[in-house]
Amino acid sequence: MVAQEDKWISVDKQSGNLAIRFRVKGFYKQFYIASRLPDIKRNREVVRNKRDAIVNDITLGRFDATLESYQFQPTATAPAALVPKKPKKQPDYSLGELWEKFTEFQSHQLERTTIKGNYHAIARCIKSLPTQKLTEATVIRNWLLGSTTYFMSWHCILKFNQCCKWAQSEGLISENPFEKLKVTKPKKKSDKGDRKAFTLEQRDLIIKSFEQHDRHRHYASLIKFLFWTGCRPGEAFALTWGDISPDCRRILINKSRNLHGISKGTKNGKSRVFPCAEGSKLQELLLPLREGREDEEIIFLSKQNSRMTSAILNNVWNRSASMLNGRVKHFSGVVKELSDKGLLPYLKPYATRHTFATWAIATGNSPDKVAYWIGDDVATVLKYYVHPEVSKVDCPDF
């Protein structure tokens, strides 16, 4: 059965070309117009347009019975619509070129932090590959498995697959060579080691060690602030003196700076005001630091007077490396030194947040109050930030 939209349109059995057959009231014969166009999708559209023009003329009483005005004539402006085109040969894009296009596409949908961190890291990985030819996807996979960690290999193959899937949908490539290169997702490592807290004695030892350290005493104020507020490091990096009340008893926390120095909102989008008690050690820390400072000035800067980053914090907390006489020399950070001496377990800088939440609750503060102070919900605080095994000792003055 002929579809309604193809009424009057038929295919010549001998030539396989499309034709229009129709009758008009008042004329005894059937009219026939040959299109000389093969039966393909775009040609059917051309024939339909011609058929519709004839219908309009019949309706308006201006039908040309000679059919001269309805003949299919090749034109200079649309010959491509009348005959089938040979498919154009697609450019041979490299993986790096596709990733650049994919990154540009994603940059309109994702945060700059994601693009600058994740996507740029993949771009650097692509530059180190032995080949970027899509026809050598297997070589790329095998090189990754032999030259990087298993997690990095899996992550890169996953991203290459996403990139080529997008490129295929955009018509840039005909096949996705990474679609069948399955790499089993690595098992997630336990993060229990990242969810621990220091005892108060260990906390105070870390603070004292920063105060007395030859290279890193500059960062003692930041370390105290992290331990005494439980705020995320990125939130502390973004604070300006305009976020602190004149008496240093109210701290507005509503933004963050990430590893790449990009400002954004807090991790979960929540803003909060952290309260300091009159005469508290936090207030006493901030008051002398505030003297002579402008509202727009950043509170915590590096020793070189630059913006703080997670990398700088990790250097002074864990360890750093520098070139000395042509060789790489490693320097232990404050907490790493204490851990190496067996004075405390090594925990990452985020343990300052866990330590605050654990001891805030252990000393009698309600979970909902602590959740507000650190910018989280009660369930998250109780699940991730409270460590009873740390606080099962006599509780000194918190």
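Here are some friendly notes on this predicted model, point by point.

1. Ground rules. The model is predicted, so local features need pLDDT of at least 70 and side-chain atom pairs count only at pLDDT 80 or more, while totals for chains, interfaces and linings use all residues. Residues are numbered from 1 along each chain as its sequence is written, and side-chain values use heavy atoms, with hydrogens and water left out.

2. The overall picture. The protein chain has 14 helices and nine strands; these are DSSP runs (helices H or I, at least four residues; strands E, at least two), numbered from the N terminus. Of its 398 residues, 40% are buried, where buried means under 20% relative accessible area, exposed over 50% and partly exposed in between (1.4 Å probe, protein chains only). The chain exposes about 23400 Å², with 52% of that supplied by carbon and sulfur atoms; the areas come from the Shrake-Rupley method with a 1.4 Å probe, and for residues only the protein chains shown count as cover. Among contacts (heavy atoms within 4.5 Å) between residues at least 6 apart in sequence, 61% join residues at least 24 apart.

3. The cores. A nonpolar core is a set of buried Ala, Val, Leu, Ile, Met, Phe, Trp, Tyr and Cys residues joined through side-chain atoms within 4.5 Å. The largest one holds 49 residues, and Phe198, Ile206, Phe210, Phe225, Ile251 and Leu282 touch the most other members. Helix H7 (residues 220–229) gives the most to this core, seven residues. There is also a second, separate core of 27 residues, Ala137, Ile140, Ala167 and Leu181 among them.

4. Ile251 up close. Leaving out residues up to four places away in sequence, Ile251 touches partners including Phe225, Leu239, Ile244, Val273, Phe274, Leu282 and Leu286. Asp243 and Arg272 are among its partners too.

5. H7 against H12. These helices, the latter spanning residues 351–362, pack at about 40 degrees with axes 6 Å apart. Axes are lines fitted to C-alpha atoms, for helices over the stretch in contact, and angles run from 0 to 180 degrees between N-to-C directions. H7 and H12 are therefore oblique to each other, given that angles under 35 degrees count as roughly parallel, over 145 as roughly antiparallel, 65 to 115 as roughly perpendicular and the rest as oblique. Leu226, Phe227, Trp228 and Thr229 of H7 meet Thr352, Thr355 and Phe356 of H12. By class, this contact has four nonpolar, three polar and no charged residues; Ala, Val, Leu, Ile, Met, Phe, Trp, Tyr, Cys and Pro count as nonpolar, Asp, Glu, Lys and Arg as charged, and the others, Gly among them, as polar.

6. H2 against H5. Helix H2 and helix H5 (residues 150–169) pack at about 80 degrees, their axes 9 Å apart, which makes H2 roughly perpendicular to H5. The contact divides into 10 nonpolar, one polar and two charged residues. Phe102 sits in H2 (residues 95–106) and is buried, at 4% relative accessible area. Beyond its neighbours within four places in sequence, Phe102 is in contact with Tyr119, Gln162, Cys163 and Trp166.

7. Arg36 has a positive phi of about 60 degrees although it is not a glycine; it lies in strand S3 (residues 31–38) and counts as exposed at 53% relative accessibility. Cys248 also has a positive phi, near 60 degrees, but is buried at 0%, in the loop between helix H8 (233–238) and strand S4 (250–253).
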